[in-house]
Amino acid sequence: MFTLAEVASLNDIQPTYRILKPWWDVFMDYLAVVMLMVAIFAGTMQLTKDQVVCLPNLQSTANSKAQPSTSGKAGFTTLETTTGQGEASMRTVTFRNAPTVTPDVLSRATSSQYQPTESGQEQKKEQKDSSGRKTNLDFQQYVFINQMCYHLALPWYSKYFPYLVLIHTIILIVSSNFWFKYPKTCSKIEHFVSILGKCFESPWTTKALSETACEDSEENKQRLTGAQSLPKYVSTSSDEGSPSANTPMITKSGFKFSADKPMIEVPSVTILDKKDGEQAKALFEKVRKFRAHVEDSDLIYKLYVGQTVIKTVKFIFILCYTANFVNTISFEHICNPKVEHLIGYTQFECTHNMAYMLKKLLISYISLICVYGFICLYTLFWLFRIPLKEYSFEKVREESSFSDIPDVKNDFAFLLHMVDQYDQLYSKRFGVFLSEVSENKLREISLNHEWTFEKLRQHVSRNAQDKQELHLFMLSGVPDAVFDLTDLDVLKLELIPEAKIPAKISQMTNLQELHLCHCPAKVEQTAFSFLRDHLRCLHVKFTDVAEIPAWVYLLKNLRELYLIGNLNSENNKMIGLESLRELRHLKILYVKSNLTKIPPNITDVAPHLTKLVILNDGTKLVVLNSLKKMTNVAELELQNCELERIPHAIFSLSNLQELDLKSNSIRTIEEIISFQHLKRLTCLKLWHNKIVNIPSSITHIKNLESLYLSNNKLESLPAAVFSLQKLRCLDVSYNSIALIPAEIGLLQNLQHFHITGNKVDTLPKQLFKCVKLRTLSLGQNSITSIPDKISQLLQLTHLELKGNCLEYLPATLGQCQLLRKSGLVVEDHLFDTLPSKVKEVLNQDTSIPFANGI
């Protein structure tokens, strides 16, 4: 049994697709129900009461050629029938011109007119049997005739009319609802109805439209009062549609602020529960995916048009053949059953007792089908009157602040047209979830609700330069509270696709460094003016050069620019940076990309640059002629550029102080002789190449202080290297050097010597004449002993001996006053070989003396 609550709940169930049924579909459904009732009523009447009643036509008898009776007496003939197995014969009398012959009449006639011709016993026997038993043959004859004439005389349409109506109605009902059940359309329709219902009932929809109403009212109020008072940090751009090149505003779809339309904060409206906010975010994503899925085809539209055409053709067909058969339903029918040998009559007149009712029902059915057909014709007119595969939200855009709601097409447009026939409010509320402005506003509200000032303050840290730094990663936007951190020095924004920098950034007077990692930030005019005057360092990491914000090239007070990303797009091989001529104060340019040549636009700032760093990903850098224009460059790094020789353009850089050619394919450095013209060159880094030997011409670089040749293929150190008297750092680690020349003692200014990862087995005594050595890296060699003269290195702070063949450490290590255990890289068992007093000296606190030594 069903409970009352379960039964009552059935009344609350609304049709799932009611919003997709316009008035004509609903009306046709009602007409179909009425036609179905007509069919059921007619069918029920036929099953219970449908029959014909027939009477013989007296003018058509079986013996029409017989002679008429005389002297007013009815004539008759006797037909003899004999029963089998010796029974007595019986006479059956058939009357001429009699309406019927019954067994009673036959028995009376037999008993009264039969003359006995046999013996007395036979007469008595026949008299005894003449009474017989009644067989009701007269009733059976009429039933027999009625049944035969029902099938022979009655027209087929009178018999099958209810069933035809039932079949037609079922076909029309199926045709009307086929698009809801077809596998390739029902899933889209169900998804659409589900999303539409959630969008209609979502609290965010109400709040967004309410904000629109509030903004409109505030706008009118501002217009009435002359807009005399503006919020403190509202942009005052005069042109909200297309900002000029010198005022890079937010150019993509989004909020647009101007002096005529100030941004008004409505705290009571923008408060949104976290749960509601998450549901609204999910709806935006669902709508986006549904739109992409449905807009690519027009199957639903074609199916609806097809079923409407089918219903129209069905209406025409029904109307045509029904009109021909409407007059065949008659009350009287002539029947010729051809059973004269059984009944004696050839023709009967029959009456169909349901004829009157069926004719009335048929006329009613024709009326209903005509109305149904006219509605089908109207539906076809509506389908082809306007382009239903396009839908414009122009009216919604005019009535709301969401001017970016896009027009849709194909099945998505058709479904919205159908919804408009139900209630246009659905499309208006649904359009809120098609707007990027609405989505961004929701994200902004949720973001500000989650990232409060206190939470952001907890994420502020100190970086290596002892500056206050805030790193925001993978947020939907930049929280407003960020701009209340007025003492922030460095701001890092990473993977924030909708980052907007408002005018409030002008509060951050200490901000000088900004990082944009895959974050194409948009700025307001006031914010740009602040960044242009105060920003000193900018890091931009991007995938394609188009992601670099245009306002970056207009920061006239920028000192350092770091660009990391792809500058050689496959779609545009000639792609390059925008003009950098506005960056008049740029000193450092760092480019990590896949350049094949130095971008020509870099020459716009070439006279001002003091440092240029190009880190390629292994792409060969071919064209380097632009380097000649960079006359003020002091530091140049060309790393991983597949260079095979030292570029000649470098020899023109008279102010060059540091050259780094790390991770290239340089095999020979014979061109190093040309470095004699670079009088200021003090640091040369040729590490991670394929250099086999060092030419003696290196002696011409007399001012060289640092030489890095690690990770090459050197087998020896020429004496020319040790003629560089100003050399303070020499790094030849990870080569194949087997011997340290005695000439190393000539480098009296040497402070850092790295020869880790070679084949050295002995240390020359001259090495310990370099008394200024602070760092000595001898690890991963074949050294068997350390001379006691190591005690002469009084300024030694770092000694690496790990990975050699040592058996003990000299006790004289204790005389190295600045060396402590933290700076001694050696195996533990070797450290244990030292005397306990030496261990105590090495284990002492090194903070004060170490600092003084440095």
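Colleague: Which backbone oxygen does the side chain of R462 reach?

Modeller: A polar contact joins two N or O atoms within 3.5 Å; within protein, one must be able to donate a hydrogen and the other to accept it, and residues adjacent in sequence count only if both atoms are side-chain atoms. Here the side chain of R462 reaches the backbone oxygen of D466, at 3.0 Å. This is a predicted model, in which local features need pLDDT of at least 70 and side-chain atom pairs count only at pLDDT 80 or more, while totals for chains, interfaces and linings use all residues. Residues are numbered from 1 along each chain as its sequence is written, and side-chain values use heavy atoms, with hydrogens and water left out.

Colleague: Where is the place of R462, and is R462 buried or exposed?

Modeller: Elements are DSSP runs numbered from the N terminus: helices are H or I with at least four residues, strands E with at least two. R462 belongs to strand β8, residues 461-462. For accessibility, buried means under 20% relative accessible area, exposed over 50%, and partly exposed in between (1.4 Å probe, protein chains only). R462 has a relative accessible area of 51% and is therefore exposed. Apart from neighbours within four places in sequence, R462 is in contact (heavy atoms within 4.5 Å) with K467 and Q468. D489 lies 27 residues away along the chain, and its C-alpha atom is separated from that of R462 by 9.6 Å.

Colleague: What does E671 contact beyond its neighbours within four places in sequence?

Modeller: With those neighbours left aside, E671 is in contact with R645, I646, H648 and F651. I646 is 25 residues from E671 in sequence, yet the two C-alpha atoms are 6.7 Å apart in space. E671 sits in the loop between β19 and β20, and its relative accessibility of 8% is why it counts as buried.

Colleague: Which residues other than glycine have a positive phi near 60°?

Modeller: E642 is one of them, with phi near 60°. E642 is placed in the loop between β18 (635-639) and β19 (658-660), and is partly exposed at 31% relative accessible area. H688, also not a glycine, has a positive phi of about 60°. That residue is found in the loop between β20 (683-685) and β21 (706-708), and H688 is partly exposed at 32%.

Colleague: At what angle do helix α2 and helix α13 pack?

Modeller: Axes are lines fitted to C-alpha atoms, for helices over the stretch in contact, and angles between N-to-C directions run from 0 to 180 degrees. Helix α2 (residues 23-49) packs on helix α13 (residues 355-385) at about 160°, with the axes 10 Å apart. Angles under 35 degrees count as roughly parallel, over 145 as roughly antiparallel, 65 to 115 as roughly perpendicular and the rest as oblique. The pair α2 and α13 is therefore roughly antiparallel. By class, their contact holds 22 nonpolar, two polar and no charged residues; Ala, Val, Leu, Ile, Met, Phe, Trp, Tyr, Cys and Pro count as nonpolar, Asp, Glu, Lys and Arg as charged, and the others, Gly among them, as polar.

Colleague: How do the axes of helix α10 and helix α15 cross?

Modeller: The axes of α10 (residues 274-294) and α15 (residues 410-422) come within 6 Å and cross at roughly 110°. The two helices are therefore roughly perpendicular. On α10 the contact is made by F290, R291 and V294, and on α15 by N410, D411, F412 and L415. Divided by class, the contact of α10 with α15 has four nonpolar, one polar and two charged residues.

Colleague: What caps the N-terminal end of α16?

Modeller: D423 does, with a side-chain oxygen 3.1 Å from the backbone nitrogen of L425. Within α16 (residues 424-431), the buried residues are Y426, S427, R429, F430 and G431.

Colleague: Which residues of helix α19 are buried, and what covers them?

Modeller: In α19 (residues 525-534), Q525, A527, F528, F530 and L531 are buried. Their cover includes β11 (500-501) and β13 (522-523).

Colleague: How many helices and strands has the chain?

Modeller: The chain has 22 helices and 26 strands. Of its 854 residues, 45% count as buried. Among contacts with a separation of 6 or more, 55% are between residues 24 or more positions apart.
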